[in-house]
Amino acid sequence: MRITEEQYKRIATMFPLQRGNVKYSNLQVLNGMLYALENGGKWRQLPESYGNWNSIYKRVNRWAKEGVLQR
């Protein structure tokens with residue numbers, strides 16, 4: 001499952017604003033998270049097209065701790 005740019009625009013306000021020098025967009029991180037969830041949560045097997053698995057994991061983990069995913 002992938003979220004398109006247009007679909008993301010509908011939910012973009014639910015995610016924190018990106019500030020500073022951010023390498024991966026929230027959309028890219030969200031799609032990486034969805035890919036990992038569909039494939040058993042194996043972050044290390046995340047394809048490079050989603051970005052560095054550790055960077056994606058860290059941001060998703062931060063979102064979870066801050067309640068972003070709960071909303």
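**Ground rules.** I number residues from 1 along each chain as its sequence is written, and I use heavy atoms for side-chain values, leaving out hydrogens and water. Since the model is predicted, I require pLDDT of at least 70 for local features and 80 or more for side-chain atom pairs, while totals for chains, interfaces and linings use all residues.

**Aromatic pairs.** I paired rings of Phe, Tyr and Trp (its six-membered ring) if their centres lie within 6.5 Å, with planes under 30 degrees apart called stacked, over 60 edge-to-face and the rest tilted. I get four aromatic pairs by this rule. One of them joins tyrosine 8 and phenylalanine 15; the centres are 5.8 Å apart and the planes stand at 35°, so I log the pair as tilted. Both tyrosine 8 and phenylalanine 15 are buried (under 20% relative accessible area; exposed is over 50%, partly exposed in between; 1.4 Å probe, protein chains only). I also find Tyr8 and Phe15 in one aromatic cluster with Trp63.

Next I looked up tyrosine 35 and tyrosine 50. Their ring centres are 5.1 Å apart with planes at 35°, so this pair is tilted. I place tyrosine 35 in helix α2 (residues 26-38) and tyrosine 50 in the loop between α2 and α3 (53-66), so the pair ties together parts 15 residues apart in sequence. For elements I take DSSP runs, numbered from the N terminus: helices are H or I with at least four residues, strands E with at least two. Tyrosine 35 is partly exposed at 24% relative accessibility, whereas tyrosine 50 is buried at 7%.

**Core.** I defined a nonpolar core as a set of buried Ala, Val, Leu, Ile, Met, Phe, Trp, Tyr and Cys residues joined through side-chain atoms within 4.5 Å. The largest such core has 17 residues, and Leu30 and Ile56 have the most contacts inside it. Two or more residues come from each of α2 and α3. The largest share is that of α2, with six residues. Which residues does isoleucine 56 contact, leaving aside neighbours within four places in sequence? I list Tyr24, Val29, Gly32, Met33, Trp43, Leu46, Tyr50 and Gly51 (contact means heavy atoms within 4.5 Å).

**α2 against α3.** I fitted axes as lines to C-alpha atoms, for helices over the stretch in contact, with angles from 0 to 180 degrees between N-to-C directions. The axes of α2 and α3 come within 10 Å and cross at roughly 90°. That makes α2 roughly perpendicular to α3 (65 to 115 degrees; under 35 is roughly parallel, over 145 roughly antiparallel, the rest oblique). From α2, Asn26, Val29, Leu30, Gly32 and Met33 meet Ile56, Arg59, Val60 and Trp63 of α3.

**Single residues.** Is asparagine 31 buried or exposed? I find asparagine 31 in helix α2, buried at 3% relative accessibility. Not counting residues up to four places away in sequence, asparagine 31 touches Arg2, Ile3 and Tyr50.

Arginine 59 lies in helix α3 and is buried, with a relative accessible area of 10%. With the same exclusion of residues up to four places away, I have arginine 59 touching Gln18, Val22, Tyr24, Ser25, Asn26 and Val29.

Arginine 44 sits in the loop between α2 and α3 and is exposed at 68% relative accessibility. I computed 7.6 Å between the C-alpha atoms of arginine 44 and asparagine 54, which are 10 residues apart along the chain.
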